[in-house]
Amino acid sequence: TSNRVIAGHGGVPMSITGSEANALTHRQRLLSCAIMTTISTVLNDDPCLNVRLDGQVCQKIVIVLDTQLRMPDDANVFDTAEKVIVMHSCRDQQRIQCVQDRGGDCIFIPSSPEGLDLSRVLSQLGEMGFHSLWLECGGRALQQFFRVGGVAEFWLYVANKIEHDAWPLSFVTQPSLPVGRFKDVQMLGDDALFILELEKSPEA
(Lines give C-alpha, C1' and ligand atoms only; values in the text may rest on other atoms or scores of the structure.)
Protein backbone atom coordinates (compact mmCIF):
# COMPACT_ATOMS: atom_id res chain seq x y z
CA THR A 1 0.00 0.00 0.00
CA SER A 2 1.02 3.64 -0.09
CA ASN A 3 2.39 3.56 3.46
CA ARG A 4 2.97 -0.14 4.23
CA VAL A 5 -0.32 -0.60 6.08
CA ILE A 6 -3.36 -2.80 5.65
CA ALA A 7 -6.88 -2.45 6.97
CA GLY A 8 -7.61 -4.13 10.28
CA HIS A 9 -10.90 -4.30 12.17
CA GLY A 10 -13.47 -1.89 10.77
CA GLY A 11 -11.18 -0.92 7.91
CA VAL A 12 -8.83 0.98 10.22
CA PRO A 13 -5.33 1.13 8.63
CA MET A 14 -2.57 -0.55 10.59
CA SER A 15 1.14 -0.98 9.87
CA ILE A 16 2.27 -4.59 9.75
CA THR A 17 5.77 -5.11 8.36
CA GLY A 18 9.20 -3.54 8.47
CA SER A 19 11.36 -2.14 5.70
CA GLU A 20 12.94 -5.46 4.64
CA ALA A 21 9.60 -7.21 4.15
CA ASN A 22 8.24 -4.16 2.39
CA ALA A 23 11.19 -4.12 -0.03
CA LEU A 24 10.64 -7.80 -0.86
CA THR A 25 6.99 -7.12 -1.59
CA HIS A 26 7.96 -4.35 -3.99
CA ARG A 27 10.45 -6.65 -5.74
CA GLN A 28 7.71 -9.22 -6.26
CA ARG A 29 5.40 -6.53 -7.60
CA LEU A 30 8.13 -5.59 -10.07
CA LEU A 31 8.55 -9.18 -11.29
CA SER A 32 4.83 -9.83 -11.81
CA CYS A 33 2.89 -9.21 -15.03
CA ALA A 34 0.33 -7.26 -13.02
CA ILE A 35 -0.87 -6.58 -9.48
CA MET A 36 -4.36 -7.79 -8.59
CA THR A 37 -6.50 -6.53 -5.74
CA THR A 38 -10.17 -6.17 -4.76
CA ILE A 39 -12.50 -3.23 -4.46
CA SER A 40 -12.55 -3.76 -0.67
CA THR A 41 -8.80 -3.14 -0.52
CA VAL A 42 -9.15 -0.06 -2.74
CA LEU A 43 -11.95 1.38 -0.60
CA ASN A 44 -10.31 0.58 2.75
CA ASP A 45 -6.65 1.36 1.98
CA ASP A 46 -6.66 3.48 -1.22
CA PRO A 47 -3.28 1.90 -2.12
CA CYS A 48 -0.86 3.10 -4.79
CA LEU A 49 0.11 -0.44 -5.87
CA ASN A 50 3.20 0.68 -7.72
CA VAL A 51 6.83 -0.36 -7.22
CA ARG A 52 9.07 1.76 -5.01
CA LEU A 53 12.65 0.46 -4.80
CA ASP A 54 16.00 2.18 -4.35
CA GLY A 55 14.46 5.60 -4.72
CA GLN A 56 12.83 4.68 -8.03
CA VAL A 57 9.10 4.41 -8.78
CA CYS A 58 7.79 1.99 -11.41
CA GLN A 59 4.19 1.81 -12.55
CA LYS A 60 2.45 -1.53 -12.96
CA ILE A 61 -0.81 -2.70 -14.46
CA VAL A 62 -3.36 -2.98 -11.65
CA ILE A 63 -6.35 -5.32 -11.90
CA VAL A 64 -9.27 -4.63 -9.55
CA LEU A 65 -12.00 -7.20 -8.88
CA ASP A 66 -15.14 -5.12 -8.39
CA THR A 67 -18.42 -6.99 -8.90
CA GLN A 68 -20.73 -3.97 -8.54
CA LEU A 69 -18.30 -1.47 -10.07
CA ARG A 70 -17.93 0.69 -6.96
CA MET A 71 -14.52 1.94 -8.08
CA PRO A 72 -14.16 5.59 -6.94
CA ASP A 73 -12.94 7.97 -9.63
CA ASP A 74 -10.46 9.52 -7.18
CA ALA A 75 -8.75 6.22 -6.27
CA ASN A 76 -4.96 6.54 -6.08
CA VAL A 77 -4.36 3.74 -8.57
CA PHE A 78 -5.73 5.82 -11.43
CA ASP A 79 -2.76 8.15 -10.92
CA THR A 80 -0.10 5.62 -9.89
CA ALA A 81 -0.74 2.60 -12.16
CA GLU A 82 0.44 2.07 -15.71
CA LYS A 83 -3.10 0.91 -16.46
CA VAL A 84 -6.16 0.06 -14.37
CA ILE A 85 -8.31 -2.88 -15.43
CA VAL A 86 -11.58 -3.31 -13.52
CA MET A 87 -13.25 -6.71 -13.79
CA HIS A 88 -16.94 -6.48 -12.92
CA SER A 89 -20.47 -7.77 -13.58
CA CYS A 90 -22.24 -4.41 -13.58
CA ARG A 91 -24.34 -3.22 -16.54
CA ASP A 92 -24.62 0.37 -15.36
CA GLN A 93 -23.17 2.31 -18.30
CA GLN A 94 -22.66 5.43 -16.18
CA ARG A 95 -20.38 3.55 -13.79
CA ILE A 96 -18.51 2.00 -16.67
CA GLN A 97 -18.06 5.42 -18.25
CA CYS A 98 -16.66 6.84 -14.99
CA VAL A 99 -13.87 4.23 -15.01
CA GLN A 100 -13.19 4.78 -18.69
CA ASP A 101 -13.05 8.54 -18.20
CA ARG A 102 -10.15 7.96 -15.80
CA GLY A 103 -8.34 5.88 -18.42
CA GLY A 104 -9.35 2.51 -17.01
CA ASP A 105 -10.60 -0.55 -18.88
CA CYS A 106 -13.75 -2.41 -17.84
CA ILE A 107 -14.12 -6.15 -18.49
CA PHE A 108 -17.44 -7.87 -17.83
CA ILE A 109 -17.25 -11.19 -15.96
CA PRO A 110 -20.27 -13.31 -14.95
CA SER A 111 -20.90 -13.48 -11.22
CA SER A 112 -22.80 -15.40 -8.56
CA PRO A 113 -23.96 -14.38 -5.06
CA GLU A 114 -20.39 -15.16 -3.92
CA GLY A 115 -18.89 -12.67 -6.38
CA LEU A 116 -17.12 -12.78 -9.71
CA ASP A 117 -16.46 -16.12 -11.38
CA LEU A 118 -12.76 -16.31 -10.57
CA SER A 119 -12.15 -19.17 -12.97
CA ARG A 120 -13.41 -16.92 -15.76
CA VAL A 121 -11.31 -14.06 -14.42
CA LEU A 122 -8.12 -16.11 -14.56
CA SER A 123 -8.99 -17.57 -17.96
CA GLN A 124 -9.65 -14.12 -19.40
CA LEU A 125 -6.42 -12.72 -18.01
CA GLY A 126 -4.49 -15.67 -19.41
CA GLU A 127 -5.91 -14.96 -22.85
CA MET A 128 -4.79 -11.34 -22.42
CA GLY A 129 -1.23 -12.49 -21.76
CA PHE A 130 -1.11 -12.19 -17.97
CA HIS A 131 0.59 -15.30 -16.59
CA SER A 132 2.06 -14.09 -13.30
CA LEU A 133 -0.16 -12.09 -10.96
CA TRP A 134 0.82 -10.64 -7.58
CA LEU A 135 -2.36 -10.78 -5.48
CA GLU A 136 -2.86 -8.36 -2.59
CA CYS A 137 -6.26 -8.79 -0.97
CA GLY A 138 -8.12 -9.68 2.21
CA GLY A 139 -8.76 -13.10 3.68
CA ARG A 140 -12.21 -13.70 2.19
CA ALA A 141 -11.09 -13.04 -1.37
CA LEU A 142 -8.00 -15.17 -0.79
CA GLN A 143 -10.15 -18.12 0.29
CA GLN A 144 -12.13 -17.84 -2.94
CA PHE A 145 -8.92 -17.99 -4.96
CA PHE A 146 -7.84 -21.03 -2.95
CA ARG A 147 -11.09 -22.80 -3.85
CA VAL A 148 -10.63 -22.35 -7.61
CA GLY A 149 -6.94 -23.27 -7.51
CA GLY A 150 -5.91 -19.77 -8.50
CA VAL A 151 -2.95 -19.49 -6.12
CA ALA A 152 0.37 -21.16 -6.93
CA GLU A 153 2.29 -19.74 -3.96
CA PHE A 154 1.01 -18.21 -0.74
CA TRP A 155 3.34 -15.73 0.98
CA LEU A 156 2.56 -15.29 4.65
CA TYR A 157 4.31 -12.47 6.48
CA VAL A 158 4.35 -12.87 10.26
CA ALA A 159 4.94 -9.41 11.68
CA ASN A 160 6.51 -9.15 15.11
CA LYS A 161 4.64 -5.94 15.90
CA ILE A 162 1.09 -7.29 15.47
CA GLU A 163 -0.73 -8.48 18.57
CA HIS A 164 -2.81 -11.65 18.17
CA ASP A 165 -6.16 -9.91 18.71
CA ALA A 166 -5.34 -7.40 15.97
CA TRP A 167 -5.46 -9.99 13.17
CA PRO A 168 -8.31 -9.34 10.70
CA LEU A 169 -11.22 -11.66 11.50
CA SER A 170 -11.33 -13.04 7.96
CA PHE A 171 -7.99 -14.81 8.52
CA VAL A 172 -9.04 -16.22 11.88
CA THR A 173 -12.58 -17.44 11.13
CA GLN A 174 -12.25 -18.72 7.55
CA PRO A 175 -11.24 -22.31 6.67
CA SER A 176 -7.61 -23.33 6.95
CA LEU A 177 -5.07 -23.06 4.16
CA PRO A 178 -5.21 -25.56 1.31
CA VAL A 179 -2.79 -28.46 1.11
CA GLY A 180 0.75 -27.56 0.13
CA ARG A 181 4.37 -27.70 1.19
CA PHE A 182 6.63 -25.10 2.68
CA LYS A 183 8.97 -23.90 -0.05
CA ASP A 184 10.96 -21.40 2.00
CA VAL A 185 11.16 -19.59 5.31
CA GLN A 186 13.01 -16.28 5.59
CA MET A 187 13.68 -13.81 8.38
CA LEU A 188 13.27 -10.22 7.19
CA GLY A 189 14.43 -8.04 10.04
CA ASP A 190 11.87 -8.55 12.82
CA ASP A 191 9.40 -10.20 10.44
CA ALA A 192 9.20 -13.77 9.14
CA LEU A 193 8.12 -14.90 5.67
CA PHE A 194 6.67 -18.35 5.05
CA ILE A 195 6.27 -19.34 1.39
CA LEU A 196 3.79 -22.16 0.82
CA GLU A 197 3.63 -23.92 -2.55
CA LEU A 198 0.05 -25.01 -3.00
CA GLU A 199 -1.43 -28.11 -4.54
CA LYS A 200 -4.19 -27.72 -7.11
CA SER A 201 -7.69 -27.56 -5.64
CA PRO A 202 -10.12 -30.37 -6.65
CA GLU A 203 -12.41 -27.58 -7.91
CA ALA A 204 -9.75 -26.22 -10.27
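Predicted model: local features only at pLDDT ≥ 70, side-chain atom pairs only at ≥ 80, totals over all residues.
Helices are DSSP runs of H or I with at least four residues, strands are runs of E with at least two, and both are numbered from the N terminus. Residues are numbered from 1 along each chain as its sequence is written. Local features need pLDDT of at least 70 and side-chain atom pairs count only at pLDDT 80 or more, while totals for chains, interfaces and linings use all residues; side-chain values use heavy atoms, without hydrogens and water.

Helix α1 covers residues 19-31, 13 residues in total. From first to last C-alpha it reaches 19 Å, close to the expected 18 Å (1.5 Å times one less than the number of residues).

Of its 204 residues, 45% count as buried. Among contacts (heavy atoms within 4.5 Å) with a separation of 6 or more, 59% come from residues 24 or more positions apart.

Confidence is given by pLDDT, the predictor's confidence in each residue, from 0 to 100. The chain has a mean pLDDT of 84, and 80% of its residues reach 70 or more. In residues 1-7, pLDDT stays under 50, and the model has 29 contacts beyond four places in sequence for them. Residues 163-175 also stay under 50, with 20 such contacts.

Conventions: Buried < 20%, exposed > 50% of the residue type's maximum accessible area, 1.4 Å probe, protein only.
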